[in-house]
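Hi,

Here is the structure I promised to pass on. Have a look at it first, and then read my notes below.

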Amino acid sequence: MRSRMRIQALRPEFVELIPDVLEPGVLYVSIAYATASHLCACGCGHKVVTPIGPTDWRLTWDGESITLYPSVGNWGLPCRSHYWVREGTVEWAGTWSQSRIDAARKHDRVTKRQYFSRARRSRIGKTE
Ligand SMILES: [Zn+2]
């Protein structure tokens, strides 16, 4: 079995549109579309999309490197890789069990629902 080349670092590239073909080791960032994309750091070649938003990922650029928050969990991919991108460096995180993945997905749905209902309320001028 051939071992895959893991990606250790991701350097940012700011683009208007995320290209169709991504280069390994590059984190493409589109401010216009509030999204970032990179090839899975495990080396499987799958494209990973991380939308940027209050209920999605937060992206910090220090002028050189990028930090993504929270971690990138590719539960939908066959590799199921899970890692952090901190200051452009890929830090591997543990593999999650199915129940932990389910709990995280549920938490994500609840957070999104709360956020969007709050946003709706503030649009119609009601405050809590
Ligand atoms: Zn992968």
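Which residues does Val85 touch, not counting residues up to four places away in sequence? They are Leu10, Leu27, Ile66, Thr67, Leu68, Val72 and Val90, where touching means that the C-beta atoms, placed from the backbone, lie within 7 Å.

Before you go further, keep in mind that this is a predicted model: local features need pLDDT of at least 70, side-chain atom pairs count only at pLDDT 80 or more, and totals for chains, interfaces and linings use all residues. Numbering starts from 1 along each chain as its sequence is written.

Val85 also turns up in the largest nonpolar core, which has 16 residues; Leu27, Ile66 and Val85 have the most contacts inside it. (Such a core is a set of buried Ala, Val, Leu, Ile, Met, Phe, Trp, Tyr and Cys residues joined through C-beta atoms within 7 Å; buried means 20 or more other C-beta atoms within 10 Å of a residue's own.) S2 (26-30), S3 (35-39), S6 (66-69) and S8 each supply at least two residues of this core, and S2 gives the most, with three. Across the protein chain, 14% of the 128 residues are buried.

Those S labels are strands: the protein chain has nine of them plus one helix. Both are DSSP runs numbered from the N terminus, with at least two residues (E) for a strand and at least four (H or I) for a helix.

There's also an open, antiparallel sheet in the order S7-S8-S9, where strands pair if DSSP finds at least two bridges between them. Four bridges join S8 (residues 82-86) to S9, and Trp84 stands opposite Glu91 in S9.

Cheers

Key:
A residue is buried if 20 or more other C-beta atoms lie within 10 Å of its own, exposed if 12 or fewer, and partly exposed in between; C-beta atoms are placed from the backbone. Two residues are in contact if their C-beta atoms, placed from the backbone, lie within 7 Å.
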